Amino acid sequence: MAAVLGRATARFADFLRDHAPLLRKLQWGIVAVYAFLLIVPACLPLPDNAASVVNNLTIVAQFAFWGVWWPFVLVSMPILGRAWCGWLCPEGMLTEWASERGQGKAIPKWMRWGGWPFVAFALTTVYGQLVSVYQYPLAVLAVLGGSTVAAMLVGYRYGRSKRVWCKYLCPVNGVFNLLAKLAPWHFKVNEDTWRHPVIRIEPVNCAPLVPLRHMKGAGDCHVCGRCSDYRGAIQLTPRSPEEEIVHVAQGDNWQTALILFGLMGIAIGAFLWSASPWYVTLKQWAATWLVENDIMWPLADNAPWFILTHYPEVNDSFSWLDGGAILAFCAGSLVCVGGVAWLALWLADRIAPLTGAVVAPGDAEHPDHIAHGRLAGLNKLAQAYIPTAGVGVFLGLSATTLTLLQHEGVRTGWATPVRMTLLSLAVAWTLRLLWRVLHQRSHGPVRRIAAWIVAAAGLAPFCLAWYLFFIAW
């Protein structure tokens, strides 16, 4: 069975390679739909209360972007790997197209900084909340359209037929990289065959800048199929969804920050603030203090729409205090959820430490991806949190899906049990991965069990936050 599946996946990869022009036509079709849904609704009046997905283009675009596209692109990553990036992503297509016609300059050192995936995700997530990106087409145009324009400019300026934007600056590159590590297939490199190829070697353009010879996992690969059977050494191969986390991925400080402080910290705050009574209490306390001290300017709602939500025609405008409270709520979530998770993993690594520094295979040429000293063990453990962190982002985005469905009159009483089931399965998978990672360490069972319990406890604030959102609030 495994051999049959292996041959089928290899043939599929060869199909992608041999039909690259067809794939590119599909990508241009996605670009056209994306541009239409991005630009046209921003030119139309805001929908009224009677508008629905059957009679209003703005609602259609809102449902397409936030009800279907983003949640299920995330779902595709642990199933197909980064196939979205290689097959359908309009930004990837446009940045590569611009790079083919651009200046071809060398990629600057500042762009190679390993912290961009975390910083870009954090800034985009918070900014999207400040301008209400899930509700208003102008905000969508600013966030998604701004990202697309930046992708094209970077493509035009740097690289030759490369996806430089996707590799270094895309706000969701880091998220996709993490989730794709769970994919049940990847392009496997036979290094012996690479050194002694038995077929004619033809040039391969790896647009996402993956070092093909040293490729060990699925995190950076866009599954475009261009390298399939290259030198007779690269084959699309089935694998266990746990293989990369347990045996390959070592992580680095920035990946750990993205998992714990980004996906499990800032993102939780961004999804939960609008439903939280704590946010209301915080804002009321701050407003009272400001009035008592005769500081009135933060209560004004005069910020432009591209800084804070400002749509007075539908009675929806954020004051400067609203913006500050959102930032404070996200910062609190970062500390209370992400910080507790980091501390738990740090203690678990102290209980059952990983001896020596670890360098992920193939990462020797990328200093930012090297885990040093004491944090090497913590970074490895943090990789086990990926299923839980990923499901959290999916649940947060799917809340928009459910809101839109409710507006269309669809009953969603089934949603809470499904949500809790998904969260429970993700946590169970994380606990299993934690145990498998700790089992590789040369310690007795008592220390491994103690470390596992401590690492598992780090998930408690994250689970509590979703319990409050789904049930208590």
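**A friendly note on the predicted model**

1. Glu408 sits in the loop between helix H16 (386-407) and helix H17 (415-439). Helices (H or I, at least four residues) and strands (E, at least two) are DSSP runs, numbered from the N terminus. With a relative accessible area of 28%, Glu408 is partly exposed; buried means under 20%, exposed over 50%, and partly exposed in between (1.4 Å probe, protein chains only).

2. Some reading notes. This is a predicted model, in which local features need pLDDT of at least 70 and side-chain atom pairs count only at pLDDT 80 or more, while totals for chains, interfaces and linings use all residues. Residues are numbered from 1 along each chain as its sequence is written, and side-chain values use heavy atoms, with hydrogens and water left out.

3. Now the overall layout. The domain assignment, which is automatic or from a database, gives domain 1 (1-180) and domain 2 (248-357 + 366-472). Their centres, taken over C-alpha atoms, are 23 Å apart. In the interface, 40 residues of domain 1 are in contact with 40 residues of domain 2.

4. How much area is buried between domain 1 and domain 2? About 3500 Å², with carbon and sulfur atoms giving 75%; buried area is the accessible area (1.4 Å probe) that two parts lose on being put together, summed over both. Phe118, Leu130 and Leu178 supply 21% of what domain 1 buries against domain 2, more than any other three residues. Zero salt bridges are found across this interface, a salt bridge being a side-chain nitrogen of Lys or Arg within 4 Å of a carboxyl oxygen of Asp or Glu.

5. Helix H5 (residues 90-100) is worth a look. Nine of its eleven residues are buried, so the helix is largely enclosed by the rest of the structure. Its cover includes helix H2 (20-39), helix H4 (83-87), helix H7 (137-157) and helix H8 (164-168). One of the buried residues of H5 is Glu96, whose side chain meets that of Arg163 in a salt bridge (3.0 Å, N to O). The pair links distant parts of the chain, with Arg163 in the loop between H7 and H8, 67 residues from Glu96. Arg163 is buried too, at a relative accessible area of 3%.

6. Helix H15 (residues 375-383) is also mostly covered, with eight of its nine residues buried. These buried residues pack against helix H9 (173-180), helix H11 (243-248), helix H12 (253-272), helix H14 (320-351), H16 and H17. In helix H9 you will find Ala180, which is buried with a relative accessible area of 0%.

7. The structure holds 14 salt bridges. In one of them, Asp322 pairs with Lys283, the closest N and O atoms being 2.8 Å apart. Asp322 lies in helix H14 and Lys283 in helix H13, so the pair ties together parts that are 39 residues apart in sequence. Asp322 counts as buried at 9% relative accessibility, whereas Lys283 counts as partly exposed at 26%.

8. Lastly, the loop between helix H13 (277-292) and strand E3 (310-311) holds Trp297. Trp297 counts as exposed, at 60% relative accessibility.

Methods. Contact = heavy atoms within 4.5 Å.
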